[in-house]
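Please examine the sequence and the three-dimensional structure shown below.

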Amino acid sequence: MKVGVLALQGDFREHLLSLENCGVTGLAVKRHDEISQVDALIIPGGESTTISKLAKTFGLFELIRDRISSGMPVYGSCAGMILLSREIIDPASGQDSFGGLDIVVRRNAFGKQVDSFESDLDFKGIEGGPVRAVFIRAPWVESHGPEVEILASVQVSNLSHPVAVRQGNVFATSFHPEISGDFRVHKYFIDQICSKAQK
Amino acid sequence: MSQNSSNEVGTARVKRGMAEMLKGGVIMDVVNVEQAKIAEDAGAVAVMALERVPADIRAQGGVSRMSDPDMIEAIQAAVSIPVMAKVRIGHFAEAQVIESLKVDYIDESEVLTPADYEHHIDKWKFTIPFVCGATNLGEALRRINEGAAMIRSKGEAGTGDVSNATTHMRKIGSEIRRLTSMREDELYVAAKELQAPYALVKEVAATGKLPVVLFTAGGIATPADAAMMMQLGADGVFVGSGIFKSGDPAKRAAAVVKATTYYTDPKIVADASRGLGEAMVGINVADIPVPHRLAERGW
């Protein structure tokens with residue numbers, strides 16, 4: 001199985017290293033033919049406005065959107081979650097998302113960089129104790145449709161905000177497992193989503 | 001905002017991780033809301049809010065300081081991408097002010113007039129992350145030892161002459177490669193020669209890279225400049241005067257973004273270079289008397 005990591009901008013190298021730690025050789029992809037050929041795709045952390053604009057400028061936007069809607073397994077972290085949402089609250093002008101998850105996301109939901117944090121999270125479907133999660137100017141899920149499964153949440157002012165979600169083959173986290181060195185989230189994507197989609 | 005007590009802010013991972021998210025991107029100097037919006041529309045990953053771009057600082061002379069908080073806050077309100085701001089080398093009170101504005105990153109910058117000719121800011125004390133300039137590996141590691149979470153080459157800001165950025169990127173790269181080829185018992189002397197902490201020297205020798213993200217800055221004015229810096233090992237690009245001192249800033253900004261992503265594809269860099277109008281006029285670094293070179297500031 002060929003797992004691509006979208007390499008337009010962001011921390012795609014850390015995702016490639018995370019895949020390697022799971023025994024999977026990932027491919028950095030940023031051209032039409034490269035993206036057409038992968039069996040699964042990771043959309044990395046980065047600046048979601050930049051990634052969205054580059055995808056449009058280089059004619060990749062429809063391709064990625066169509067491949068997601070036709071069932072390709074896909075995982076997005078942080079900016080990747082924003083790009084997989086149905087709707088973005090307060091998007092930058094010209095910022096669109098690929099869709100795939102029936103969620104509404106709030107960008108920079110926890111605040112500015114000085115509010116960025118790391119924390120331990122209980123993650124449904126991942127065993128062996130809490131996952132170390134690094135949130136950097138992170139989004140959260142503001143609301144979601146009935147088919148979206150919540151895998152992890154964060155409490156802020158007594159309100160629970162989903163930060164890891166899945167709908168079929170589409171999976172997203174607000175945080176960056178590729179930065180924390182906790183490779184169980186990538187392993188979840190490979191074992192629970194990619195491998196099962198192949199059968 | 002009250003969060004779980006187990007949440008940790010301002011850790012090295014959170015600070016350095018922020019820079020990881022900027023990789024492969026272009027950070028643009030902007031002096032007002034209109035320019036900030038142009039930068040965001042063009043695909044910048046962040047903007048640097050300042051009152052005068054380096055070319056004007058150079059032309060106008062005088063003491064150059066932190067920007068007006070009103071101006072910085074107006075830019076924060078206008079864009080959703082990260083906003084950075086500069087403070088003078090060693091001026092920790094300016095840094096406290098910028099942190100209180102909830103700016104996303106501080107550039108402790110030689111482009112402003114230094115406030116302390118001996119000490120840089122103790123950056124570990126802050127929750128906000130810092131980027132610092134460096135001309136060589138030893139300088140980069142000294143800044144990281146003080147808590148910098150991101151490094152950029154200094155280049156020679158405000159000139160449109162990329163030669164110093166090239167020198168600094170090549171120097172940092174070659175010094176890293178030299179360390180990786182050394183025996184372990186040679187690293188003690190290497191640390192002495194680099195005037196850098198042994199632990200960081202050992203880490204670089206083992207990993208073959210800086211422990212933080214390395215951007216390039218200083219004199220980048222064209223898509224091809226950006227592509228060259230990326231090929232020399234930069235993780236991303238700062239463009240200061242190069243965009244808004246040119247004939248068609250919106251088009252040039254978008255062009256530099258494209259070239260930074262597809263830096264190994266000369267056809268895309270060629271297309272990005274077409275019809276950009278006038279580039280910033282530029283000054284040859286060799287024509288600037290040494291005491292007026294910004295890259296010499298910081299140590």
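The buried residues of helix α9(B) pack against α6 (137-145), α7 (163-180) and α8 (187-194) of chain B, where contact means heavy atoms within 4.5 Å. Helices (H or I, at least four residues) and strands (E, at least two) are DSSP runs, numbered from the N terminus. Helix α9 covers residues 198-207 of chain B, and its buried residues are B:Leu200, B:Val201, B:Val204 and B:Ala205. Buried means under 20% relative accessible area, exposed over 50%, and partly exposed in between, with a 1.4 Å probe and protein chains only. Seen down the axis of α9(B), the buried residues lie within an arc of 140° and so line one face of the helix; the arc is that of the directions from the helix axis to the C-beta atoms. On the face turned away from this buried side, α9(B) carries the exposed residues B:Ala199 and B:Ala206. After α9(B) comes B:Gly208, with a positive phi near 75°.

The model is predicted: local features need pLDDT of at least 70 and side-chain atom pairs count only at pLDDT 80 or more, whereas totals for chains, interfaces and linings use all residues. Residues are numbered from 1 along each chain as its sequence is written, chains are lettered from A and ligands numbered from 1 in the order in which they are written, and side-chain values use heavy atoms, with hydrogens and water left out.

In chain A, strand β12 (residues 170-173) has two neighbours to consider. Strand β4 (residues 74-77) of chain A pairs with β12(A) in the parallel sense over 4 bridges; two strands pair if DSSP finds at least two bridges between them. In this pairing, A:Gly76 has A:Ala172 as its bridge partner in β12(A). Strand β11 (residues 159-167) of chain A runs antiparallel to β12(A), and 4 bridges join them. Here the bridge partner of A:Gln167 in β12(A) is A:Val170. β11(A) and β12(A) form a hairpin with 2 residues between them, and A:Gly168 in the turn has a positive phi of about 60°.

In a regular strand the side chains alternate between the two faces of the sheet. In β12(A), A:Val170 and A:Ala172 point one way, A:Phe171 and A:Thr173 point the other way, and all are buried.

Two residues other than glycine also have a positive phi. A:Cys78, with a phi of about 55°, is found in the loop between β4 and α5 (79-83) of chain A. B:Lys102, with a phi near 60°, lies in the loop between α5 (92-100) and β5 (105-109) of chain B.

How many disulfides does a search of the whole structure find? The search finds 0 disulfides over all chains, a disulfide being a pair of cysteine sulfur atoms within 2.5 Å. The sulfur of A:Cys22 is 10 Å from the closest cysteine sulfur, in A:Cys194, which is too far for a bond.

A:Asp90 is placed in the loop between β5 (85-89) and β6 (101-106) of chain A. A:Asp90 and A:Gln37 are 53 residues apart in sequence and 33 Å apart in space, C-alpha to C-alpha.

The table gives the accessibility of several residues discussed above.

| Residue | Relative accessible area | Class |
|---|---|---|
| A:Cys22 | 19% | buried |
| A:Cys194 | 0% | buried |
| A:Cys78 | 5% | buried |
| B:Lys102 | 36% | partly exposed |
| A:Asp90 | 61% | exposed |
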